[in-house]
Amino acid sequence: MGRVVLVTGVSRHPGARVAEAMAAELGVDRVVGVDAASPRHPLGGAEYVSADLHGGSLAQTVADSGADTVLHLGLTPYGGAPGGRASGDNGNILGTMQLLDGCQRSATVA
């Protein structure tokens, strides 16, 4: 069986492009694109799952996906965060912590 890759941040262009490229890779059977917002760009052969990096659903999404590889592109640029840079930093840190918690609890992430 091939790899299962989970990509966060697929509502923005870089995340969508990475998900699309991973779906075309030899040896990758499935790509799951995760974001709270719907993708604005095509994901190719990747499937989309709605999950908030800051919510409790992310750990379950990681587990349900069966992913063995996780690419975290779901970071909010400083200019896009309400409250400025400090708020953006906190959101990125908390979101990354939620994702890492989900990976740690997953039986399939290596």
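The dialogue below takes up the fold, the cores, the salt bridges and the pocket in turn.

Mentor: Please keep in mind that this is a predicted model.

Trainee: Let us begin with the fold. How many helices and strands are there in the protein, and in what order do the elements run from the N terminus on?

Mentor: The protein has three helices and four strands. Read from the N terminus, their order is β-α-β-β-α-β-α. Of the contacts with a separation of 6 or more, 67% are between residues 24 or more positions apart.

Trainee: What share of the residues is buried?

Mentor: Of the 110 residues in the protein, 34% are buried.

Trainee: Which residues make up the largest nonpolar core?

Mentor: A nonpolar core is read as a set of buried nonpolar residues joined through their side chains. Here the largest one has twelve residues: Val4, Leu6, Val32, Val34, Ala51, Leu53, Leu58, Val62, Ala67, Leu99, Cys103 and Val109. Two or more residues each come from β1 (3–8), β2 (28–35), α2 (57–65) and α3 (85–105). Another core, of nine residues, lies apart from it, and Val5, Val7, Ala19 and Ala46 are among its members.

Trainee: Which residues does valine 4 touch, not counting those up to four places away in sequence?

Mentor: Valine 4 touches Arg30, Ser65, Gly66, Ala67, Asp68 and Thr69 on that count.

Trainee: I turn now to charged side chains. How many salt bridges are there?

Mentor: Side chains of opposite charge can pair when their charged atoms come close. In this model the count comes to four salt bridges. One of them joins the side chains of aspartate 68 and arginine 3, at 3.3 Å from N to O. This pair links distant parts of the chain, 65 residues apart, with aspartate 68 in the loop between α2 and β4 (69–72) and arginine 3 in strand β1. Arginine 3 counts as partly exposed because its relative accessibility is 43%.

Trainee: Which residue forms a salt bridge with glutamate 47?

Mentor: The partner is arginine 30, and the closest N and O atoms are 2.9 Å apart. Glutamate 47 lies in strand β3 (residues 47–50) and arginine 30 in strand β2, so the pair ties together parts 17 residues apart in sequence. Glutamate 47 is partly exposed, with a relative accessible area of 33%, and arginine 30 is also partly exposed, at 28%.

Trainee: Where do aspartate 101 and arginine 105 lie?

Mentor: Both lie in helix α3, four residues apart, which is about one turn of the helix.

Trainee: Why does arginine 105 count as exposed, and why does aspartate 101 count as partly exposed?

Mentor: Exposed means over 50% relative accessible area. Arginine 105 has 64% relative accessibility and therefore counts as exposed, whereas aspartate 101, at 25%, counts as partly exposed. Arginine 105 is also 9.0 Å from glutamine 60, C-alpha to C-alpha, although 45 residues separate them in sequence. Glutamine 60 is found in helix α2 and, at 46% relative accessibility, counts as partly exposed.

Trainee: Finally, what volume does the largest pocket have, and which residues lie nearest its centre?

Mentor: Its volume is about 160 Å³. The lining has 13 residues, with Arg12, Asp35, Ala36, Leu53 and Gly74 nearest the centre. By class, five lining residues are nonpolar, five are polar and three are charged.

How values were computed:
Residues are numbered from 1 along each chain as its sequence is written. This is a predicted model: local features need pLDDT of at least 70, side-chain atom pairs count only at pLDDT 80 or more; totals for chains, interfaces and linings use all residues. Side-chain values use heavy atoms; hydrogens and water are left out. On a 1 Å grid over the protein atoms alone, a cavity is a set of points where a 1.4 Å probe fits but cannot get out, and a pocket is an open set with protein on both sides within 12 Å along at least five of seven lines; lining residues have an atom within 4 Å of a point. Grid points are joined across faces, edges and corners, and a volume is the space filled by probe spheres set on the points. Ala, Val, Leu, Ile, Met, Phe, Trp, Tyr, Cys and Pro count as nonpolar, Asp, Glu, Lys and Arg as charged, and the others, Gly among them, as polar. A nonpolar core is a set of buried Ala, Val, Leu, Ile, Met, Phe, Trp, Tyr and Cys residues joined through side-chain atoms within 4.5 Å. Buried means under 20% relative accessible area, exposed over 50%, partly exposed in between (1.4 Å probe, protein chains only). Contact means heavy atoms within 4.5 Å.
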